[in-house]
Amino acid sequence: MSTHAKRERLLLADLLEAAGPEAPTLCDGWRTRDLAAHVVVRERRADAAGGILLGALKNRLERVQAEFAGKPYEELIQLIRTGPPRMSPFGLKQIDEAANTVEFYLHAEDVRRAQPDWSRRELDPVFADVLWSRTEKTARVMGRRAPVGLVLRRPDGQTVVAHRGTPVVTVTGEPGELLLFAAGRQDAARVELDGDKDALARLHTAELGL
């Protein structure tokens, strides 16, 4: 049975392939080649991928990722499509769903929304609920550096507090858009913001996300 992570993986691979190796992305300083290398290293090189979270391994991560970015682009796309090696924990369905659904969704939008002619993707209700559930669970972590109080609200009124404080900014949008906003893609997220002018300006430039 297909999973959300598997679907998002294939969509990301298609978007990377269509954009080509030198297209811009929403990830600061990364072209599509760099993003593709990041995805491959994250699930195929555990000895280096720890640098995503651990500063002590950052230099190693950057070195290994640069090596992968130097590989033929078509090879990177194929490695993404085929998924992790057999013995990788990412090969387990439950871990794949937990670790990659949001990762691949965000990176697909990093590619899509960096292109000048991009159009917004309509998410099916089930997947939207999945993204909302993940946003609820990680909101406090993603919003921990917010300089103001931050509330995320769906159009149906469901809310989650991402950061306690005053003044408060309420961000309203569909789950995928709220996730993008909370993950640090404030400029790209299609949301409505309610709060005082100074608070909005401070939140706009804040380093949100994991």
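1. Please keep in mind throughout that this is a predicted model, and that the points below should be read as descriptions of that model.

2. I would begin with the charged pairs, of which the structure holds 16 that qualify as salt bridges. In general terms, side chains of opposite charge can pair when their charged atoms come close. One of these salt bridges joins E8 to R7, with 3.4 Å between the closest N and O atoms.

3. A second salt bridge is formed by E22 and R33, whose closest N and O atoms are 3.5 Å apart. This pair links distant parts of the chain, since E22 belongs to the loop between α1 (4-19) and α2 (32-44) while R33 lies in helix α2, eleven residues apart. At 47% relative accessibility, E22 counts as partly exposed, because the cut-off for exposed is over 50%.

4. The salt bridge between R113 and E109 has its closest N and O atoms 2.7 Å apart, and both R113 and E109 are buried. Salt bridges that share partners join E109, R112, R113, R120 and E177 into one network.

5. How do α1 and α2 lie relative to each other, parallel or antiparallel? Their axes come within 10 Å and cross at roughly 150°; α1 and α2 are therefore roughly antiparallel to each other, as angles over 145 degrees are counted that way. The crossing of α1 and α2 is left-handed. On the α1 side the contact is made by R9, L12, L16 and A19, and on the α2 side by T32, L35, A36, V39 and E43. Sorted by class, this contact of α1 with α2 has six nonpolar residues, one polar residue and two charged residues.

6. T170 is found in strand β3, which covers residues 168-172. With a relative accessibility of 16%, T170 counts as buried, because the cut-off for buried is under 20%. Once its neighbours within four places in sequence are left aside, T170 is in contact with V151, R153, E192, L193 and D194.

7. Helix α8, residues 175-182, is where A182 is placed. After α8 comes G184, whose phi is positive, near 95°.

8. Which residues does A182 touch, not counting residues up to four places away in sequence? They are M142, L152, L208 and G209. At 2% relative accessibility A182 counts as buried. For a sense of its position in the fold, the C-alpha atoms of A182 and L12 are separated by 20 Å, although these residues are 170 residues apart along the chain; L12 is one of the α1 residues that make the contact with α2.

How values were computed: Residues are numbered from 1 along each chain as its sequence is written. This is a predicted model: local features need pLDDT of at least 70, side-chain atom pairs count only at pLDDT 80 or more; totals for chains, interfaces and linings use all residues. Side-chain values use heavy atoms; hydrogens and water are left out. A salt bridge is a side-chain nitrogen of Lys or Arg within 4 Å of a carboxyl oxygen of Asp or Glu. Helices (H or I, at least four residues) and strands (E, at least two) are DSSP runs, numbered from the N terminus. Buried means under 20% relative accessible area, exposed over 50%, partly exposed in between (1.4 Å probe, protein chains only). Contact means heavy atoms within 4.5 Å. Axes are lines fitted to C-alpha atoms, for helices over the stretch in contact, and angles run from 0 to 180 degrees between N-to-C directions. Angles under 35 degrees count as roughly parallel, over 145 as roughly antiparallel, 65 to 115 as roughly perpendicular and the rest as oblique. A crossing is left-handed if the near helix is turned anticlockwise from the far one by less than a right angle, and right-handed if clockwise. Ala, Val, Leu, Ile, Met, Phe, Trp, Tyr, Cys and Pro count as nonpolar, Asp, Glu, Lys and Arg as charged, and the others, Gly among them, as polar.
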